[in-house]
Amino acid sequence: MLTRQLIHTAVQAALVEDAPWGDVTSQLLIPEAASATARLVAREPGTFAGGEVFAAAMTLTDPAIEVTIHVPDGAAFEAGDALATVSGPARSVLQGERVALNFVQRMSGIATLTAAFVAEVAHTSARIVDTRKTTPGLRAFERHAVRAGGGHNHRYSLSDAVMAKDNHLAVLTAQTGLSVTDALLRVREQLSHTTHLEVEVDRMDQIEPVLAAGVDTIMLDNFTLDELREGVALVAGRAIVEASGNVGLATVRSIAETGVDVISSGALTHSVRSLDLGLDVVVE
């Protein structure tokens, strides 16, 4: 998902945004011939993500910069750990610093939060997955970070699967005059055998009509814990059961223990705190 081309395009745009006419501070204060070595150091524990992106921000600033990543994406680290080392022309290292940190701090923040969610449900069979509530233009970066934290990805875009929500069903049944079951069966007839069909429900009485259409996944949206347990029992293995709505670190364990297969949380990407990582110049 996170290809070199995507990294290059996004990072280059960020570099241009940050220094459209160069870094006037470094150009005025730092001698042109000066070189520098700096370490990416963790100020707090977490899970690493974005090593390749961090390196790209530096080397796209100046190909003369050398970057060594010391830990792989997905690795846990402690405060004080050196995660990467950067060496090269001092002006260029300082110019690329902020963009490189912005990417790696946010991606590591997402990976760290995801890892915490995954740890909460490790005693169950539930999967933690993200949603499309991502930063525009940076979805591949944020979803890569979710995987680094041990989570899984939902559909990448609107083009990847059929996911019928309440508004879709309201329009569909009103316009066709068909029941939910018949309307979904008509949809199923038009789908390739490789296209996944998921339907969201927000009431218990909607479950059977949706299952009767042979859906692949049924999303139980904003169900209480008792309703989730009842819903899982009612589905009885006839479809994948996804829980969504009001999912946070304080609630995810209880949700997983209801027996659902998948738990989706927009908080993994839209409410995350960037991790405190710093780039420290080595003074010798």
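**Ground rules.** I am working from a predicted model, where local features need pLDDT of at least 70, side-chain atom pairs count only at pLDDT 80 or more, and totals for chains, interfaces and linings use all residues. Numbering runs from 1 along each chain as its sequence is written, and side-chain values use heavy atoms, with hydrogens and water left out.

**Serine 92.** I found serine 92 in helix 4, residues 90-120 (helices are DSSP runs of H or I, at least four residues, and strands are runs of E, at least two, numbered from the N terminus). Is serine 92 buried or exposed? It counts as buried because its relative accessibility is 12% (buried is under 20% relative accessible area, exposed over 50%, partly exposed in between, with a 1.4 Å probe and protein chains only). Leaving aside neighbours within four places in sequence, I listed Thr61, Asp62 and Ile65 as its contacts (heavy atoms within 4.5 Å). With aspartate 62, serine 92 makes a side-chain to side-chain polar contact of 2.7 Å (a pair of N or O atoms within 3.5 Å; within protein, one must be able to donate a hydrogen and the other to accept it, and residues adjacent in sequence count only if both atoms are side-chain atoms).

**Positive phi.** Most residues other than glycine have a negative phi. I noted alanine 236, with a positive phi of about 50°, in the loop between helix 9 (225-235) and strand 10 (240-244). Alanine 236 is exposed, at 54% relative accessibility. Asparagine 246 has a positive phi too, near 55°, and sits in the loop between strand 10 and helix 10 (252-256). Its relative accessible area is 66%, so I logged asparagine 246 as exposed.

**Pockets.** I used a 1 Å grid over the protein atoms alone: a pocket is an open set of points where a 1.4 Å probe fits, with protein on both sides within 12 Å along at least five of seven lines, and lining residues have an atom within 4 Å of a point. Volume is the space filled by probe spheres set on the points, which are joined across faces, edges and corners.

The largest pocket comes to about 360 Å³. Of its 21 lining residues, Thr131, Lys133, Lys165, Ser244 and Ser264 are the closest to the centre. Strand 9 (217-221), strand 10 and helix 11 (267-270) each give two or more residues to that lining.

The second largest pocket is about 260 Å³. Which of its 15 lining residues are closest to its centre? I wrote down His154, His196, Glu198, Thr217 and Glu242.
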